[in-house]
Every structure is written in C-alpha cells, then in structure tokens.
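Open the model in your viewer and keep the selection panel at hand. The tour below goes from one selection to the next.

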Amino acid sequence: MADMMKIRTQLSGDALAIKILMAHPMETGQRKDAKTGQFIPAHFIKNVAVGLNGKTVVAAQWGGAISKDPFLGLKVKGAKAGDKVTVNWEDNKGEKNSAEATVG
Amino acid sequence: MNELNQQRRTLLKGGCAAGIVTLAAASGLLVPGRVLAAEWSKSAFEAKSVADALKGLGAADVATSSDILIKAPDIAENGSMVPVEVTSQIAGTQSISILSEKNPLPLLAAFEFTDGAQGYVSTRIKMGQTSNVRVVVKAGGKYYSAAKEIKVTIGGCGG
Amino acid sequence: MAGTHHFSLTRLALATLCAVAVNTQAADAVYREAFPRVAIDPSRGVAGGGDADFGATLQYWQDDQALEKSKPWIGNPEHEWKLNWKFMDLDHTDDMHPGYLALEQGEKLFKFWAKREPAFRTCLGEGKTDFKGLAAGYPKYDPKLKKIMTVESRVEHCAKTALWEDFKQGSPANNQISLYFKSLSTNMPIKVDTSSTEIMDSYRRGEKLFYTKVGQYNFSCASCHTTTGLLGQRFRGQVPTSPFADAAHFPTYRVGLGDIESLQQRFMRCNLQARTKGLPPGDPAYTDLEVFYTVLSNDYPVSVPSAR
C-alpha cells in the first residue's frame with residue numbers, strides 16, 4: 001500500500017490546482033500500542049517536493065502530525081496542458097516514493 | 001486433509017507475497033529515488049514550544065496579519081484528521097508554516113514556494129486537543145502570522 | 001474439512017450469542033427489555049419517505065443538492081442535526097480521501113487473485129464476470145448456500161472455496177475487496193429484495209435486535225438512533241445519526257481508526273462503546289441487523305468510497 005499515490009490536476013487558464021494523496025502511516029512516535037504498551041516507532045514523511053516540468057515549485061518539510069495518508073493541495077500559476085507534475089517524498093526511515101501526472 | 005490444506009495455503013500465501021512485490025514494481029511508481037531539495041529542520045520540528053519552533057524556523061519579529069486566511073472547521077469531530085486550508089494574500093509569499101499550539105510538538109509543516117507556486121496550501125492535520133492553529137508566513141524576508149481556534153471533541157459514536 | 005470448520009465457527013458464534021443473549025433462542029432464557037418501537041414500513045424505502053418517523057431528515061442531506069441548500073443550518077443547534085453530519089463527510093468536501101487508497105488496494109488485490117484463480121471472479125459474481133450493479137442487491141438470500149449473504153460473507157466464502165484463503169470478515173483483505181466490489185455499484189440505488197421470505201424473516205429478526213436493550217448501560221440501537229430516543233438531541237457532545245441510508249456508505253474510511261471498516265465492524269464498535277460485548281463480524285445476529293439497516297437504505301445510491 002505504501003507505493004500508492006494519487007495526483008489530480010485541474011487547469012483553469014494558466015492556474016493549476018494540484019491535489020495529492022499519499023499512502024503513509026504517519027506515525028508520530030508518541031502513540032502507544034494498546035496491546036504491548038510500547039511506543040509505536042515514529043514513521044513519517046519528512047520531505048515532499050512537488051515539481052512542474054522538472055523544476056521544484058513547492059518544497060515541504062513535515063513532522064509526524066500531518067494526518068495518516070496525507071493530503072496536499074497546492075496552486076501554481078503559469079501552467080499549461082501537457083505539463084508534467086512530479087511528486088517525490090522521503091520519510092524518516094529513508095523510504096522514498098515518487099509519482100508523475102500530466103496536466104490534462 | 002486438514003494438514004494438506006494448510007500446506008497448500010502456506011504455499012499460496014508465499015506465492016501471494018511474491019506476487020504483490022512484483023505488482024508494486026510493475027506499477028511504475030517505484031522510480032529510483034531523487035534528491036529532495038529541502039533539508040529537514042530538526043530544531044524546529046523537535047521543539048516543544050511555539051517559541052522554540054519559531055526560533056528553529058528563524059522567524060523573528062512576527063507581525064499579526066489579516067491577509068492570511070485560514071479555512072478550517074470551528075469544531076473538529078476527530079482530532080486525527082482536521083482539514084486546514086491556508087491562503088496568504090501577502091505579496092511575495094515565500095513560505096507558509098503551520099503550527100498547532102498545544103500539540104506536544106507544535107510545528108506541523110513548513111512549505112516553501114518558488115517558480116509560480118501560489119501562497120496556498122491545503123492539508124489535513126492531527127490535533128491533540130482544542131487549540132489555536134497558527135500560521136506563519138514569510139514574505140520579502142519578513143514574518144507574518146494569523147491564528148484560528150479549532151475545538152476538538154472526543155471522537156465517539158458520530159456516524 | 002470445510003464442514004468441520006464451519007461447524008466449529010457456528011458453535012463459537014452460538015456461544016457468543018448466548019453470552020449476549022440477542023438471538024431468539026437465547027432470549028427465551030434471558031429476559032431483555034425492549035425500546036418502544038417506531039413504525040417502519042420496509043416497503044417504503046428511502047424514496048417513499050421511510051424515515052418519516054425518524055425526523056424525516058433525509059430530504060435535507062440525501063444528495064449534494066439538498067445538502068447545499070441546507071448548509072445555512074450549520075452551527076445552528078436547533079437544525080444542524082437534521083443534516084445528519086453529512087457536511088462533515090470528506091466525500092462531500094473533497095474527492096481525495098484515504099477511502100480511495102483502500103479502494104485501489106482492493107482492486108489490485110481482487111485482480112491479482114482473479115487472474116491467478118478465475119473461479120474467484122465467477123464465485124463473487126455468482127456466474128457473472130461483470131460485477132456492475134451486483135452489490136446493490138446485497139444482502140440477499142442464496143438458495144444454494146441456504147444462507148443470507150452479505151458482500152463481505154460472499155468474499156469470505158469465495159476466498160475459502162476458490163482460493164483456499166481465509167479472508168475473514170473484518171480483515172483488511174476482505175474489507176478492501178468488498179469495497180472494490182461495492183464500488184462497481186456506486187451511485188446505483190440499493191435494492192434489497194423485500195419480497196423474499198428469507199430476507200424479510202431476517203429483517204424482522206434484525207428489527208427486533210434494533211430495539212433490544214443489552215449491555216451494562218441497557219441500551220438498544222433505538223435508544224440513540226430514533227427520534228423517541230436521542231436522535232436530534234445532544235449525547236456526549238454529539239448528536240446521533242439516522243439509521244436511514246447509513247448502510248450505503250460501508251465499508252467506509254473512519255478517520256478515528258485510520259482505516260476502512262465494514263458495517264458489521266461498526267456494529268461491533270458501537271456495541272463496545274455502549275458497553276456491550278460485541279459479536280464477531282459475520283455473526284448471524286449482525287447479518288440480520290445488516291439486512292435491517294440495508295432495507296432502510298433501499299433506493300439510496302451505493303455511496304462508496306466514503307470517509308468520515
């Protein structure tokens with residue numbers, strides 16, 4: 001499930017709305033396992049980079065308090081149909097994922 | 001019969017696990033990692049108070065601004081997923097940071113904008129309790145801030 | 001083998017039932033109070049204004065248009081409850097919620113198994129390979145299995161017979177495949193066959209359970225989810241929802257859980273919150289309750305994936 005990411009784009013004029021949904025547990029490290037009483041180790045996305053045609057437009061740093069299966073909505077000016085939107089993330093365990101979508 | 005069955009099931013399970021990995025690889029999403037632009041500000045994200053988090057972000061002389069719009073519910077039914085939408089109408093917005101003041105680690109996220117990205121971000125956050133959600137915007141090297149209180153009720157039967 | 005396995009499961013279920021005393025056999029031994037009944041005509045469905053005695057709130061939230069019109073009520077304690085909290089649902093405010101990730105996972109899982117073992121597909125579709133609209137007819141009576149089947153019990157049954165896999169009801173695999181199966185009927189009106197004797201017998205049993213008081217608090221479902229109960233009134237800082245058109249959204253993503261859950265898992269959790277020992281998903285009593293709940297959703301469109 002961790003490999004899943006959904007990207008949706010909507011273009012009106014040259015204004016591009018980007019919506020991203022990433023599958024990730026986003027464990028804060030402060031939650032206890034109800035059965036063992038032990039803390040569940042922190043596991044969260046630390047960095048997200050959103051690019052338009054290979055150029056980073058939004059670079060985000062996150063803590064563990066972004067909700068599970070994170071959602072991210074952004075707006076970019078100066079886009080056109082056929083542009084490529086890329087999303088890359090890396091979490092605190094060094095796991096990475098990326099996905100790409102073409103502006104329709 | 002039971003044992004045989006069990007054996008076949010174990011075999012099938014093994015087969016399934018391998019199959020899923022292949023599926024993931026074939027889905028094309030496992031592109032080799034690329035270098036991410038931003039560093040992760042440990043001092044800001046591991047700060048236990050709003051003041052320390054702001055210090056970690058390098059934010060000083062923060063001025064209150066009415067040009068930062070925070071769209072979020074007044075009451076959140078469940079603190080584990082609170083939708084928050086931030087629009088900065090301040091010209092030249094370079095970054096938006098979101099903090100939940102009473103969270104054990106107040107800083108939730110920091111977004112940097114370049115090359116046409118608008119001072120806008122929509123996401124969903126975890127809130128431990130009723131608190132101010134504070135947004136800090138950096139524009140033209142200066143820092144601005146706005147806050148909105150979100151009441152968090154304890155999740156129960158609702159729905 | 002299958003027979004023995006089934007037998008032990010039934011015995012386990014019966015043992016649990018005796019402890020909670022909600023089925024008719026056990027009810028002979030243990031006296032249970034019942035909440036006063038509200039007349040429901042199962043033939044009316046949602047379109048026939050079946051919820052007239054449940055606050056008649058459906059008209060305010062049954063679709064996006066109605067909800068939009070009623071939005072000025074948000075924040076008004078006198079009227080807000082009539083929106084059934086639908087304005088808080090992520091599926092109405094955003095089309096990207098984690099329910100869609102679970103759906104994608106379910107599709108992958110189903111396709112993986114159906115490719116490996118085509119019998120899994122034909123079993124789920126009862127001979128049909130196109131699943132469009134099939135889920136809207138569930139729960140239904142299966143004359144071959146001589147049982148009321150829910151989508152979840154069909155998935156469990158087919159996994160066992162076609163794959164020799166145990167996709168137990170309430171397990172992630174079962175929930176995800178069930179969600180995928182139901183999504184192929186999204187926006188199609190629910191049509192539980194109320195002309196079937198077996199379904200109506202099950203409906204009556206489920207209806208009885210709806211009003212039967214159980215557990216430490218001596219609560220029935222009806223204590224909260226009828227207007228003669230707490231529907232429309234604050235309770236623990238919340239206002240209980242209408243039972244009408246609720247089943248249409250399951251399996252649904254619950255933000256409090258961070259995962260999808262089936263209707264019967266929801267029953268289990270609601271029982272626990274009312275300090276009643278829950279039953280395992282797939283228990284005959286929960287199946288009857290699911291039949292009752294789904295008949296109250298007749299005519300309402302299948303609404304998955306959803307999130308709240």
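**Stop 1: an exposed loop residue**

Select A:Arg31, which counts as exposed because it has 12 C-beta neighbours inside 10 Å. The scale runs as follows: a residue is buried if 20 or more other C-beta atoms lie within 10 Å of its own, exposed if 12 or fewer, and partly exposed in between, with C-beta atoms placed from the backbone. A:Arg31 sits in the loop that links β2 (15–22) and β3 (45–52) of chain A.

Some notes on the labels. The model is predicted, so local features need pLDDT of at least 70 and side-chain atom pairs count only at pLDDT 80 or more, while totals for chains, interfaces and linings use all residues. Residues are numbered from 1 along each chain as its sequence is written, and chains are lettered from A and ligands numbered from 1 in the order in which they are written. Helices (H or I, at least four residues) and strands (E, at least two) are DSSP runs numbered from the N terminus.

**Stop 2: where chains A and B meet**

Show chains A and B together. Their contact takes 33 residues from chain A and 38 residues from chain B; two residues are in contact if their C-beta atoms, placed from the backbone, lie within 7 Å. On the side of chain B that touches chain A, β6 (107–113) and β7 (120–125) each supply at least two residues. Which strand gives the most to that side? It is β6(B), with seven residues.

Now select β4 (residues 55–62) of chain A beside β6(B): the two pair in the antiparallel sense over five bridges. Strands count as paired if DSSP finds at least two bridges between them. Within this pair, A:Ala59 stands opposite B:Glu112.

**Stop 3: a sheet across two chains**

Next, select the six strands of an open antiparallel sheet, in the order β1(A)-β2(A)-β5(A)-β7(B)-β4(B)-β2(B). Its edge strands, each pairing on one side only, are β1 (5–12) of chain A and β2 (68–71) of chain B. Strand β5 (residues 71–76) of chain A is joined to β7(B) by two bridges, and the two run antiparallel. Here A:Gly73 is opposite B:Ser122.

**Stop 4: chain C and its domains**

Switch to chain C, which has 13 helices and four strands. Of its 308 residues, 48% count as buried. Colour domain 1 (2–93 + 191–295) and domain 2 (99–183) separately; these bounds come from an automatic or database domain assignment. The contact of the domains takes 21 residues from domain 1 and 17 residues from domain 2. On the domain 1 side, α13(C) gives the most, with four residues.

**Stop 5: two helices of chain C**

Finally, select α12 (residues 263–273) and α13 (residues 284–295) of chain C. The two helices pack at an angle of about 110°, and their axes are 10 Å apart. Axes are lines fitted to C-alpha atoms, for helices over the stretch in contact, and angles run from 0 to 180 degrees between N-to-C directions. α12(C) and α13(C) are therefore roughly perpendicular to each other, a term for angles of 65 to 115 degrees. To see the contact, show C:Leu263, C:Gln264 and C:Phe267 of α12(C) with C:Tyr286, C:Leu289, C:Glu290 and C:Tyr293 of α13(C).

Methods. Parallel < 35°, antiparallel > 145°, perpendicular 65-115°, else oblique.
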